[in-house]
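This report covers the overall build of one protein and then a single residue in it. Please look at the sequence and structure first.

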Amino acid sequence: MNKRIIIIGGVAAGMSAASKAKRLDKSLDITVYEMTEDISWGACGLPYYVGNFYEDSSTMIARTYEEFLKEGINVKLKHKVEKVDFKNKKLLVKDLVKNEVFEDFYDELVITTGARATNPKNIKNIEADGVYNLKSFQDGLIVKKEIMKKENENIIIIGAGYIGVEIAEAASKLGKNVRIFQHSDRILNKTFDKEITDILENHINEHKKVSLHLNESPLEIMTFENKVIGVKTSKKEYVANLVIVATGVKPNTDFLENTDIKLFANGAIEIDRYGRTNIDNVYSAGDCATVYHTVLDKNVYIPLATTANKLGRLIGENITGNNKKFIGTLGSAAIKVLEFEAARTGITEEEAKANNINYKTVFVEGVDHADYYPGQEDVYLKLIYHAETKVILGAQIAGKRGAALRMDALAVVIQNKMTISELANMDFLYAPPFATTWDIMNVAGNVAK
């Protein structure tokens, strides 16, 4: 009998694992159980679909159901795995269409169930009609349909993380009146330090169609006949036609509770650098799992599509007999904040403090290209580096047009444990339309002591 591989979850990590494994060993019997009706799609495109940057939702789909079947991968949509018996290598699966439950077995199991959006429990009427999340493919279809309606002019976003800020740009592009509410004193406060978020907040506050409300907590969704008409906060009441909640995610691992699999504090599955869990023949990756952090040298929870795809592919190789080790993540990410760009890699200053690292920082302001070439823009860069070894541990940047792409170079610098003096003398490109003779990255390395 051919080796039977079961994959639970069919989005980024799961389908990457399935495809890679099947390409390496066509004899494998691979079945993917996906509880929704959508597979192999990119959630990062949701805000831009909602904002009508593009019209065809299929653009988000990397590969279709039919393509996977043609490849010999058995994909079962609308099938939910309700229980795993690790001792006997069995699954209890529910066919959500037929409402029937059956057993299946595996030789190797890959858990890539992702994460789901969470709603604050302390907001009254949070389930009212007109309150939405933006996490699933179907969320995107629904939210776009609603936000495109002319009568839905006032959009309130709860949460100022990546998704919340991206939705603000999407809604403002459509000419909507947008308010972002964040209970703390900064946007993007888990991924960027204050020097960078101050710049981004100032930019948002200059925008006519977007209002930023920091240190203000929504308390109640105001409704009429169960339809949203406004939001009451800790300070006042605001008119709203639609409310988008973007306050975080939770790993989809509830079905693993009371089993022997090791879970992180937030419910994410703990894995090693080979994608293995603490249970033999069981792997995991994606938003339901932890990931090894190169700088911190430990497992963390950073749900990113890039990491999900890389680890999924690695697991696909390892279940066919290879022994590939994951290089690790730096949490490299970027975001467009209206006309600004921001990016980060490595660790923040807050993370350095939390992990008792002896660090220093430098923050520099510069320009993106030569004075005499038109369209020059300001750019801002922060480095976090070890106080003794001078090895660079983290970087953050903000600016316009192309600023974020500098973070790719800085990710390579950090991955290779380079020092501030090495960065100062890196041979970055120069031409008047693209950079200055001393790029801001060189400048930061020179300024750091």
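What share of the contacts with a separation of 6 or more is between residues 24 or more positions apart? In this protein they account for 62% of those contacts, where contact means heavy atoms within 4.5 Å.

The model is predicted: local features need pLDDT of at least 70, side-chain atom pairs count only at pLDDT 80 or more, and totals for chains, interfaces and linings use all residues. Residues are numbered from 1 along each chain as its sequence is written, and side-chain values use heavy atoms, without hydrogens and water.

**Overall build**

The protein has 11 helices and 25 strands. These are DSSP runs, numbered from the N terminus: helices are H or I with at least four residues, strands E with at least two. The radius of gyration is 23 Å, close to the 22 Å of the globule rule for 449 residues, so the protein is as compact as a globular protein of that length. The radius is taken over C-alpha atoms, and the rule is 2.2 Å times the number of residues to the power 0.38.

| Property | Value |
|---|---|
| C-alpha box along the principal axes | roughly 70 × 60 × 40 Å |
| Buried residues | 52% of the 449 residues |

Buried means under 20% relative accessible area, with a 1.4 Å probe and protein chains only.

**Residue V210**

V210 sits in strand β12, residues 210–214. V210 is buried, at 3% relative accessible area. Beyond its neighbours within four places in sequence, V210 is in contact with A168, S172, V178, I180, I204 and L338. K70 is 140 residues from V210 in sequence and 47 Å away, C-alpha to C-alpha.

How values were computed: Buried means under 20% relative accessible area, exposed over 50%, partly exposed in between (1.4 Å probe, protein chains only).
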